[in-house]
Amino acid sequence: MKKFIDSFSAAAREAGLGELIFYILETHSRLTGVSEGKRDFLQYGSQKAAYIRANVNGLEGSIFVEDWRPSLFEEHFRSLRETAAAMNKPFKACTLPELSDPAAEKPEFLPLEEVTERLTAAEQALLSYDERILRAEHCMLREYCRTVTMADGSGRTVKDRLTGGSFMISAVAKQGSLARSEERSYAFLQCPELTELAIRTAAGAVGKLETAPCPSAVVPAVLDSRVVCELLDAFLPAFYQKNAEERMSTLIPGMTVGVPAIRILEDPTLPGGLNCRRFDDEGVPTTCKELVSGGVLRSMLHMDTGNAFKSDITADPSTGYSNILMCPGEKTREELLLAMGEGLLITGVSGVFAGAHFSSGAFSLIAQGYRIREGQRRESVSQITISGNFFELLTKVEALGCDLGRYLNPAGCLEAPSLYVRALSVSGKDGIEQ
Amino acid sequence: MILSTATIDRILDAAYAGDADFAEVFCEEDRQLVLRAKVSGTDGISAGLVSGVGIRVLSGDTCRYAYADGGNEETLLKLARQLASPGAPAVPRRPLGTPVSYGVQYLPEPDRMKAALTGARRAVDAGMAFSGEVTQVVARLVNSERQILVANTEGLLAEDCRRKTRLQISAYAGFGGQLQYGYSGPGAMGGLDYLDGLDIEAHARHAAEAAVTAVHAGPCPGGTMTVVVGNGFGGLMFHEACGHSLEASSVAKGNSEFSGKLGQQVASPLVTLIDDGTVPGQWGSMGMDDEGTPAQRNVLIEKGILKCYMADRFGGRLMGAASTGSGRRQNYRFPPEARMTNTFIAAGESTPEEIIAATERGLYVGNIFGGSVNPLTGDFNFNVLECRLIENGRLGAPVRGTTLIGSGGEILSQVDMVGNDLSLGQGYCYNNSGALFIGAGQPTVRVNNILVGGER
């Protein structure tokens, strides 16, 4: 890598380009899959790609590079000049912070045979859970090590390293002609006990076999923590200063966006956080920010204050986040259900990427969950939609759970508790047995 | 291309060992340009070269895959050896044959950046000029010049050149403290000269009008109703409702509601569903798939009868069928899977006006934004835009976007009118083998008993 930076920098100088800033992403990953007691899928990934910003006569040019051949340097220089002219914005210089390098240099994945054994045991635990379990699907473990290196071309570099993984598994349950599936993904820093997670997945699939119709109504509901994470992820761009300035978000600091118990942080050093970062993708040191407290919007996310992140190696940095935390309350999920008494527990939603719009706050999503009577989980409901406005929903929160769900995506990680809301608009097939 | 034939030979030799019965090398070079323009000017540019290699080894019903960017032979040979098992393969591999080329070889386009920038700016200007209520227009121009090469142990050596251009226009409108959204996203298999023949201003005005209409619209009523879905990208309804359930990855393991139903009536006799990767100039078209099999036209459902599934090599192997030219992947970082190309419902005989006039009450859907499906249950959902109520056979008041849900099997049998105005729209499809360019189309179609997720 150093060799590439040195040779590219020297050639760029000769070509008349000014200061260069390198963002280099090295990813090593392994994906292992098991089916019917044997390893049926194995994937190794190795990526080393660069995103380079250059000072082109005072303007900023940028390119991404996956092919390091010097024969392509001229093409890269031409692209840098073209992007600088098209963007027509001043070059943004960067003073990299002084940080020590992370310790481990090489990814240390679990031994492959151990991963295979653990996945096989998880699959078996799922299959043995209940006689109505038909099969396990997508029983897979992904492990990764991502290293972000920034270099300013003058020899100074700074590094962040992220290691972790995720366990995916699906259960298919069948009773008579009715088949139901439950898909789960668990992101982690250290690989957890997989069989317990597999059993939870199996229980989810079996639980869906006892169904009840769900008429259209406005009802009290408890949103599972994972559902809250997904919704928060969809609406987070409304908290970006740039979107407000460009009239794509109506949020303004000082406005009420939830009940007083709502507190939301962007915390790049969150203990146990899956996406902790010491500097952003423009080399600016990251800091913890309080977005919402007491239900009031306190601040928004800015690119210039350590929240410039790339959605992938090819993209230019834009406003983003590291770890978003909606702070938990005190009640367990069971206590939330008891407090609600009658209503719905929403355990999953789909189609969030299309059915939730950050600019309007509106969402309309297919959902699944359970009927709740006397505070207890009863029959499952599916083929329903939930809809409303996310920010209005946060003003209808009666209580927050003490549980924390996690949602990891390429942009960052979100953690949020289950929420008990007093009114949620639900559409279902009235009177039709499902 | 980043690898020579000699290097590919060495990688295949290293990977094809022991229990392997098939090995493949996939090389890719993709010169990408993504440019984003807003009212304030050019908002962002992403330009560069995606370049890498994927190596796949099949052994019976198992798949092993490795990828690396760049074309470093040492790295690739190391990965190939990681995938290999000890010993010699049971059957020696065939030498690589004469290269087969698909697509049109091209030279890098001159003034690529200027053409992209001009097109995006025109969209922003036209969208903003539509109404004072338009608060922002974002034009995202995507241009890709992609060359792929596939070589395998059966002697195949094939390459394809794909050029794609798309202009995605998002308009935002504000009124009474609310913001709403409108969209148009035309695209094609072609270079930036595609923009020369495109009425950019009309697409921008369409997106702006949709946003302005939505910001004044009332909430959509919820419940089960008759839905008329307009032509074009409305075809995404069938992409979600049954297309994914006809892909080998779902069918092979019995994970599809359509598994084992070949030859059976699965839809209304009015429904003929086609997946066609050969439509000239279409966004979802290609010369060959990402396994080197020529793209083809597959009639999936004909007059309601299930005729075939979509298969890639591995999925086809698992269900005892040949590839249908459907093996696709986003890039070298994904092993291929059976995926759709351009999927559409064939034209019927009714005019769109006749369909609306024949509908006493219901919902008209002008555009579809996106959706997803659980192939096992067939439960699908998709978010719709540009909606109006239908009252007494006429288009009535606009209502804000909503979500339609249902089950694929149900919806196919509930189609009772098909229009004569077939057209295709453009979009992306996300699944295990990544984000793919797809076409989705239909004529105006009427479906009974769809559950509409409304707020009132």
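**Exercise 1.** Find how many salt bridges cross the interface of chain B and chain A, and look at one of them.

*Solution.* Start with the rule: a side-chain nitrogen of Lys or Arg must lie within 4 Å of a carboxyl oxygen of Asp or Glu. Across the interface of chain B and chain A, that rule finds eight salt bridges. Now pick one of them: K38(B) pairs with E246(A), and their closest N and O atoms are 2.5 Å apart.

Before you go on, keep in mind that this is a predicted model, where local features need pLDDT of at least 70 and side-chain atom pairs count only at pLDDT 80 or more, while totals for chains, interfaces and linings use all residues. Residues are numbered from 1 along each chain as its sequence is written, chains are lettered from A and ligands numbered from 1 in the order in which they are written, and side-chain values use heavy atoms, with hydrogens and water left out.

**Exercise 2.** Work out how much area is buried between chain B and chain A.

*Solution.* First, count who takes part: 72 residues from chain B and 66 residues from chain A are in contact (heavy atoms within 4.5 Å). Next, the area: about 5600 Å² is buried, and carbon and sulfur atoms give 51% of that. Buried area here is the accessible area (1.4 Å probe) that two parts lose on being put together, summed over both. Finally, zoom in on chain B: I45(B), L49(B) and L179(B) lose the most area to chain A, together 10% of what that side buries.
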